[in-house]
Amino acid sequence: MATGIRTKTLILLATAAILGGSLFLFEQQLPAPNAPDQQTKARLFSFQEADVAALKIVAPQYTLNLKKQKTGTWVIQREQEVPAEEGTVVFLLNLLTTGERDRSLDVPANRAADYGLLPPMATLEITLKDGTQHRLLLGNPTFDSRQLYAEIDPQPEPRDTMTVTLVPLDLKNAIERPLIEWERQPAPTSPEPSN
């Protein structure tokens with residue numbers, strides 16, 4: 001009985017060592033970070049929150065078109081405009097304007113799927129008031145689940161290389177939410193007092 005337990009324990013330890021070693025070798029094969037990004041972290045984008053006029057989010061569950069009105073409030077564009085939940089939109093905008101890129105890797109474009117960028121987990125299209133457009137493609141979490149692989153303002157196809165950037169994991173949380181959380185919910189009405 002004791003021999004069977006020891007054998008199973010040894011097999012589990014060997015399997016864990018092999019998996020750990022494989023993960024270590026995979027990480028060692030990643031290209032070296034670009035020198036400028038390694039020394040100082042840069043913001044994801046250089047625009048300010050107030051500069052954003054529209055957002056389009058393409059996620060597996062839905063496509064969402066958000067537009068900022070002249071009054072400063074956000075609406076979801078559909079057949080009829082629906083008021084957007086300001087807190088949800090502001091949370092995403094704050095991440096886009098204050099979030100930092102950790103480091104960037106130049107990799108062959110045919111490895112996009114390795115990073116979850118073919119197809120991306122989600123795509124954000126950002127339109128500024130002056131008409132400038134930016135794109136952010138979000139991929140898989142890193143092996144330690146602390147960041148996401150992403151592509152910021154990708155070059156048009158065809159291309160030989162791509163720049164994969166590590167971005168905050170909070171972006172995944174900001175986008176992967178039920179559609180109802182993007183819509184402003186009516187204030188609850190209090191029941192009328194009974195006589």
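Colleague: How many bridges join strand β8 to β9, and which way do they run?

Modeller: 6 bridges join β8 (residues 122-128) to β9, and the two run antiparallel. Before we go on: this is a predicted model, where local features need pLDDT of at least 70, side-chain atom pairs count only at pLDDT 80 or more, and totals for chains, interfaces and linings use all residues. Residues are numbered from 1 along each chain as its sequence is written, and side-chain values use heavy atoms, with hydrogens and water left out.

Colleague: What counts as a strand, and what counts as pairing?

Modeller: Strands are DSSP runs of E, at least two residues; helices are runs of H or I, at least four residues; both are numbered from the N terminus. Two strands pair if DSSP finds at least two bridges between them.

Colleague: Which residues in β9 are the bridge partners of Ile-126 and Thr-127?

Modeller: Ile-126 has His-134 as its bridge partner. For Thr-127 the partner is Gln-133.

Colleague: What sits in the turn of that hairpin?

Modeller: There are 4 residues between β8 and β9. Gly-131 in the turn has a positive phi of about 95 degrees.

Colleague: And on to β10. How does β9 pair with it?

Modeller: β9 (residues 133-141) pairs with β10 in the antiparallel sense, over 4 bridges. These two also form a hairpin, with 5 residues between them. Ser-145 in that turn has a positive phi of about 60 degrees.

Colleague: What joins β8 to β2?

Modeller: An antiparallel pairing over 6 bridges. Lys-56 stands opposite Glu-125 in β8.

Colleague: How far does α3 reach?

Modeller: α3 (residues 86-98) has 13 residues and reaches 18 Å from its first C-alpha to its last. That is close to the 18 Å expected at 1.5 Å a residue, the expected span being 1.5 Å times one less than the number of residues.

Colleague: Which residues of α3 are buried?

Modeller: Thr-88, Val-89, Leu-92, Leu-93, Leu-95, Leu-96 and Thr-97. Buried means under 20% relative accessible area, exposed over 50%, and partly exposed in between (1.4 Å probe, protein chains only).

Colleague: Is β10 mostly covered or mostly open, and how many of its residues are buried?

Modeller: Mostly covered: 6 of its 6 residues are buried. Gln-147, Tyr-149 and Glu-151 point one way, while Leu-148, Ala-150 and Ile-152 point the other way.

Colleague: What about Glu-151, buried or exposed?

Modeller: Buried, with a relative accessible area of 2%. A polar contact of 2.4 Å joins its side chain to that of Arg-159. A polar contact is a pair of N or O atoms within 3.5 Å; within protein, one must be able to donate a hydrogen and the other to accept it, and residues adjacent in sequence count only if both atoms are side-chain atoms.

Colleague: Salt bridges next. How many does the structure hold?

Modeller: The structure holds 7. The cut-off is a side-chain nitrogen of Lys or Arg within 4 Å of a carboxyl oxygen of Asp or Glu.

Colleague: Which residue meets Glu-181 in one?

Modeller: Arg-177, at 3.0 Å, N to O. Arg-177 is buried at 18% relative accessible area, whereas Glu-181 is partly exposed at 35%.

Colleague: Which residues are joined into one network?

Modeller: Glu-151, Glu-157 and Arg-159, through salt bridges that share partners. Arg-159 and Glu-157 meet at 3.3 Å, N to O. Glu-157 is exposed, with a relative accessible area of 60%.

Colleague: And what does Lys-172 pair with?

Modeller: Lys-172 meets Glu-176 in a salt bridge of 3.3 Å, N to O. Lys-172 is partly exposed at 24%, and Glu-176 is partly exposed at 37%.
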